[in-house]
Structures are given as structure tokens and as C-alpha cells.
Amino acid sequence: MIASPDRTPLPREFFDRPVLEVAPDLLGRLVVRATPDGPITLRLTEVEAYDGPNDPGSHAYRGRTARNGVMFGPPGHVYVYFTYGMWFCMNLVCGPENRASGVLLRAGEIVEGAELARTRRLSARSDKELAKGPARLATALDVDRSLDGTDACASGDTPLRVLAGSVVPADQVRNGPRTGVPGDGAVHPWRFWVADDPTVSPYRAHAPKRRRG
């Protein structure tokens, strides 16, 4: 008999650890997004770690800005950024306060509220594709910059929280290079995913834009 996922909210202490400990430990956890139409719950199957001042691929590598301020803590908050002029992506801040690090939520399985996610992801060919990739995940969960800074560990009513879910056994966790990261940051094998899970997004190396003319 398969045990039901644990719906206990993860405490702030869970996130107040080094990012490379938190990232693989997020696999199998549940992200619950409260919307006006009802909740949407996602089981995390793929994440990427970003280690601030030690990581050229991180938004916080060169220090604090208006855009990345949430990354500097406290841990357990949501960092949302806008990319390519059209998409949002969501991260969970971790590590000690004032030392920016976070985990990008790359993919997952919608386990509750799929009917709501489908209304936001009309191009998805199946439910396995609803949150297959970081922008798709944010879109399916109705995440935008209004959630930047949300405390995912807050008690009471909150638009987004993370529950304990079901921990993925270590022998089912894989890791490799992060997707689409350029330069020195490309060498870090800090993408973690659940082995053979159909919701995990495909790996793509960074492709520099070609100049015309």
C-alpha cells in the first residue's frame, strides 16, 4: 500500500541550509498554490540550485539589486523573476539570511487542481506537460511577480506554501548540468530530478544568440 503524501508544511529550518542540501531534498515535496478558483498542488520532480556569490549562473552573483533582493532572505520565501519578456519563473530562497541562494522549480506533476492548470496551459498536449519546464510550471500555478517575496512558511492563509509530500529515495535522484546556463556557471551539475519521471523537462545546453549581418 502506497502511503499518502505528508501534508505538513515544511518549516523555515528546512530552507535554512546550504542550497545543495535543500535542492535534492525538495524532490517529491508538494507546492500548493491557492487561487480564487481553488487550490492547485504540484509534486516537484525537477529543480536547479543557484549559489549566489559562488555561482556565475546566479542572479545574485554580482550582489543585491532591486530585482533579486528577495534572494538575500529570509529563507523560505518565494523569488519570482520575469524572463525573455514573456515568462515568469519561481524559486525558493534558502541558506542563511543575507547570503543569496535559491532553488529554481523546474518541473513537476500536477496532483490536484489539474482542471485549473489546464485553463492556463491550453497548449499542453497532456497533463504530463502542464508543468514540464520552469515557465510552464509558473504558468500552470498562476505565478507572477505579485508573489515575489511571499513567505512560503507562513501560518494561516498564504497564496503559496510547500508541504512535506513524499521524500524521493536517494537512488532515484539524478543530477547533471543545469539547463541553458552560459559561461562558467554551465559546469555545475546542480540540476536534480526524479529518475524516469515523465514530467521532467529535457536538458538543453546554452545556445548563444547569433548576430545578424
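Predicted model: local features only at pLDDT ≥ 70, side-chain atom pairs only at ≥ 80, totals over all residues.
Residues are numbered from 1 along each chain as its sequence is written, and side-chain values use heavy atoms, with hydrogens and water left out.

**Whole chain.** Show the cartoon. From the N terminus, the order is β-α-α-β-β-β-β-β-α-α-β-β-β. The radius of gyration, taken over C-alpha atoms, is 16 Å, close to the 17 Å that the globule rule gives for 213 residues, so the chain is as compact as a globular protein of that length. That rule is 2.2 Å times the number of residues to the power 0.38. Along the principal axes, the C-alpha atoms fill a box of roughly 55 × 40 × 35 Å. Of the 213 residues, 51% are buried (under 20% relative accessible area; exposed is over 50%, partly exposed in between; 1.4 Å probe, protein chains only).

**Largest pocket.** The space is about 1100 Å³. A pocket here is an open set of points on a 1 Å grid where a 1.4 Å probe fits, with protein on both sides within 12 Å along at least five of seven lines; lining residues have an atom within 4 Å of a point. Now colour strands E3 (38-50), E4 (78-83), E5 (87-93) and E6 (102-112), then helix H4 (134-140). Each supplies at least two lining residues.

**Aromatic pairs.** There are three, counting Phe, Tyr and Trp (six-membered ring) with centres within 6.5 Å; planes under 30 degrees apart are stacked, over 60 edge-to-face, the rest tilted. Select Tyr-79 and Tyr-81. This pair is tilted, at 5.8 Å centre to centre and 35 degrees between the planes. Both residues are buried. Next, Phe-82 and Phe-88: their centres are 4.8 Å apart and their planes at 40 degrees, so this pair is tilted. Phe-82 is partly exposed at 38% relative accessibility, and Phe-88 is partly exposed at 23%.

**Charges over rings.** Here CZ of Arg or NZ of Lys must be within 6 Å of the ring centre and within 35 degrees of the ring normal. Select Arg-17: it lies over the face of Phe-14, 4.6 Å from the ring centre. Finish at Arg-191, whose charged end sits over the ring of Trp-193, 4.1 Å from its centre.

Notes: Points joined across faces, edges and corners; volume = space filled by probe spheres on them. Helix = DSSP H or I, 4+ residues; strand = E, 2+ residues; numbered from the N terminus.
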